[in-house]
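User: I would like to learn how to read the features of a structure like this one. Please take me through them in turn.

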Amino acid sequence: MRVVSIVGPSGAGKTTLLRAASGLRPPDRGEVHFDGRPLLDVVPGISVVFQEYNKSLFPWLSVARNVAMGARHLPAERRTGEVEAALRRVGLAGFGARYPWELSGGMQQRAALARALISDPRVLMMDEPFASVDALTRGHLEDVVSDLWERSSFAALLVTHDVAEAIYLADRVLVLSARPSRVLAEVAVQLPRPRSHGRTRLLPEFAELEAQVLERVEEAGRATIGSR
Ligand SMILES: Nc1ncnc2c1ncn2[C@@H]1O[C@H](COP(=O)(O)OP(=O)(O)OP(=O)(O)O)[C@@H](O)[C@H]1O
Ligand SMILES: [Mg+2]
C-alpha cells in the first residue's frame, strides 16, 4: 500500500489533511507519526506539491534554480545535470532559464513536480498536481510518476478530483465525505504493475473499480449538497 489516493468533495478538507500529514500545520486533534515519532514540523523526507502551484515557486529564481532547491542533497557537480534531467522528465527541457511567471499554469505545476521529484523524498504528497495540465500532458505525467513509483521506494499521498487518475496511480483509494470529513470508503486497487494507460485503463477490473469509487464519490457529493 505505497500509493494512496484521496478523493472527496471540494471543501472536504483534503488540502488541510495533507498540510497536517506533512507537518505544515498541527492537526486540531490526534497525532501524525513519521518514522515512529510524532511529526511536529516539516522534515526533509516529506516533499509536497501544493495545489496552489502559482504560489509555490519562487518568482525571483529561474525555473532551473527553483528545481535545484530540491536538489540540495546532491553534490554541486551533479546538480545541473540532475535538474536538466528532471525538467526533461516533466516536459520542460529548455525552460530552465525562464522565470516561473513566464510559464503557463500547467508548466508551473510541472516545474513544482520536478522540484519535488528531484529531492528524492521518502514520502511524496501531491495536491491536485495535474489539475491545470491538458489531458495529453496529464496522461504523460501520470506515467512519469507511476514509473518512478515502480522504480523507487517512496510512498505517496495523492489528492485528486479525477477518479480514474486516483485509481490508475494508487494501491488504495480513500473517499472522503463532506466536511467535517471522514473516510467514507476505502477501496483497494490490485491492478497489476507496471501500469500503462494503454493496458491498465482497458482492463475490465479498472472499469469495475471506477464504478465502485464513483458511486461512493456521488454519495459524498449528495451528502454535501443535502447539507446546504
Ligand atoms: N477537519 C476540519 N475541521 C475544521 N475545519 C476544517 C477541517 N477540514 C477542513 N477545514 C476547513 O475547511 C476549509 C476547506 O478545506 P480544504 O481547503 O482542506 O478543502 P479541500 O478538500 O482541499 O477543497 P478543494 O477540493 O476545493 O481543494 C478550510 O478553511 C479548512 O480550514
Ligand atoms: Mg484543496
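Analyst: What follows goes from the overall dimensions to the sheet, the domains, the ligand shell and the backbone. This is a predicted model, in which local features need pLDDT of at least 70 and side-chain atom pairs count only at pLDDT 80 or more, while totals for chains, interfaces and linings use all residues. Residues are numbered from 1 along each chain as its sequence is written, and chains are lettered from A and ligands numbered from 1 in the order in which they are written.

User: Why does the radius of gyration agree with a compact globule?

Analyst: The radius is taken over C-alpha atoms, and the globule rule is 2.2 Å times the number of residues to the power 0.38. For 228 residues the rule gives a value near 17 Å, and the chain has 18 Å, so the two agree. The C-alpha trace spans about 55 × 40 × 35 Å along its principal axes.

User: How many helices and strands are there, and in what order do the strands of the sheet lie?

Analyst: Helices (H or I, at least four residues) and strands (E, at least two) are DSSP runs, numbered from the N terminus. The chain has nine helices and eight strands. Two strands pair if DSSP finds at least two bridges between them. Here six strands make an open sheet with mixed pairing, ordered β4-β5-β6-β1-β7-β8. β4 (46-49) and β8 (183-188) are the edge strands, each pairing on one side only. Inside the sheet, β1 (residues 3-7) and β6 (residues 155-159) are parallel and share four bridges; V3 has A156 of β6 as its bridge partner.

User: Where are the domain bounds, and which helix gives the largest share of the domain 1 side of the contact?

Analyst: Domain bounds come from an automatic or database domain assignment. Domain 1 covers 1-45 + 121-228 and domain 2 covers 56-120, with their C-alpha centres 24 Å apart. The contact (C-beta atoms, placed from the backbone, within 7 Å) takes 12 residues from each of domain 1 and domain 2. Helix α6 (residues 135-151) supplies five residues, the largest share of the domain 1 side.

User: Which residues come nearest to ligand 1?

Analyst: A residue is near a molecule if its C-beta atom, placed from the backbone, lies within 6 Å of it. Around ligand 1 there are 13 residues, of which S10, G13, K14, T15 and T16 come nearest.

User: Which peptide bonds are cis, and what is the phi of D120?

Analyst: Most residues other than glycine have a negative phi, and most peptide bonds are trans. The bond from R179 to P180 is cis, with omega near -5°, and P180 sits in the loop between β7 (172-176) and β8. The bond from R193 to P194 is also cis, with omega near -5°; P194 is in the loop between β8 and α8 (197-200). D120 has a positive phi, near 55°, and belongs to the loop between α5 (105-118) and β5 (123-127).

Methods. Two residues are in contact if their C-beta atoms, placed from the backbone, lie within 7 Å.
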